[in-house]
Amino acid sequence: MTRCPVCMVQLNDTIARLSDHFYALQLKNDADHIMWLNRYIGKQRFGQDELELKFEKFFRTASLKKGLFPTL
Ligand SMILES: [Zn+2]
């Protein structure tokens, strides 16, 4: 089970699901999720597929940093 690092909602255990969650909240202009994206993924807005690729890349790197995202 994956948790969103921002709102802690439980999601399906795929990065794609997490990416879709962030994409949806970005469209709703959710400040907390957008801040997280700005900080960890990038300041520009990405399309849904592009964002998913960015997430995969990010979490492949992040999983090497122990304790940053223990639920992933
Ligand atoms: Zn969230």
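**Briefing: predicted fold, helix packing and selected residues**

The model is predicted: local features need pLDDT of at least 70, side-chain atom pairs count only at pLDDT 80 or more, and totals for chains, interfaces and linings use all residues. Residues are numbered from 1 along each chain as its sequence is written. The mean pLDDT of the protein is 84, with 82% of its residues at 70 or more. Where pLDDT is low, the predicted coordinates should not be read in detail.

**Overall architecture**

- The protein contains three helices and two strands, where helices (H or I, at least four residues) and strands (E, at least two) are DSSP runs numbered from the N terminus.
- Along the sequence, these elements follow the pattern β-β-α-α-α.
- Of the 72 residues in the protein, 15% are buried. A residue is buried if 20 or more other C-beta atoms lie within 10 Å of its own, exposed if 12 or fewer, and partly exposed in between, with C-beta atoms placed from the backbone.
- Among contacts between residues at least 6 apart in sequence, 41% join residues at least 24 apart; two residues are in contact if their C-beta atoms, placed from the backbone, lie within 7 Å.

- Helix α1 (residues 15-27) has 13 residues and spans 18 Å from its first C-alpha to its last, close to the 18 Å expected at 1.5 Å a residue. The expected span is 1.5 Å times one less than the number of residues.
- The buried residues of α1 are Ile15, Leu18, Ser19, Phe22, Tyr23 and Leu25.
- An α-helix has 3.6 residues a turn, so residues three or four places apart point the same way.
- The axes of α1 and α2 come within 8 Å and cross at roughly 120 degrees; axes are lines fitted to C-alpha atoms, for helices over the stretch in contact, and angles run from 0 to 180 degrees between N-to-C directions.
- That angle makes α1 oblique to α2, since angles under 35 degrees count as roughly parallel, over 145 as roughly antiparallel, 65 to 115 as roughly perpendicular and the rest as oblique.
- Phe22, Leu25 and Gln26 of α1 make the contact with His33, Ile34 and Leu37 of α2.

**Ile34 in helix α2**

- Ile34 lies in helix α2 and counts as partly exposed because it has 17 C-beta neighbours inside 10 Å.
- Leaving aside neighbours within four places in sequence, Ile34 is in contact with Gln26 and Asn29.
- Ile34 and Val6 are 28 residues apart along the chain, and their C-alpha atoms are separated by 9.8 Å.

**Loop residues with positive phi**

- Met8, in the loop between β1 and β2 (10-11), has a positive phi of about 65 degrees although it is not a glycine.
- Met8 counts as exposed because it has 8 C-beta neighbours inside 10 Å.
- Asn29, in the loop between α1 and α2, is a residue other than glycine with a positive phi near 60 degrees.
- Asn29 counts as exposed, because 8 C-beta neighbours lie inside 10 Å.

**Phe59 in helix α3**

- Phe59 is found in helix α3 (residues 48-62) and counts as partly exposed because it has 18 C-beta neighbours inside 10 Å.
- Phe59 and Ile15 are 44 residues apart in sequence and 8.0 Å apart in space, C-alpha to C-alpha.

Key: pLDDT = per-residue confidence, 0-100.
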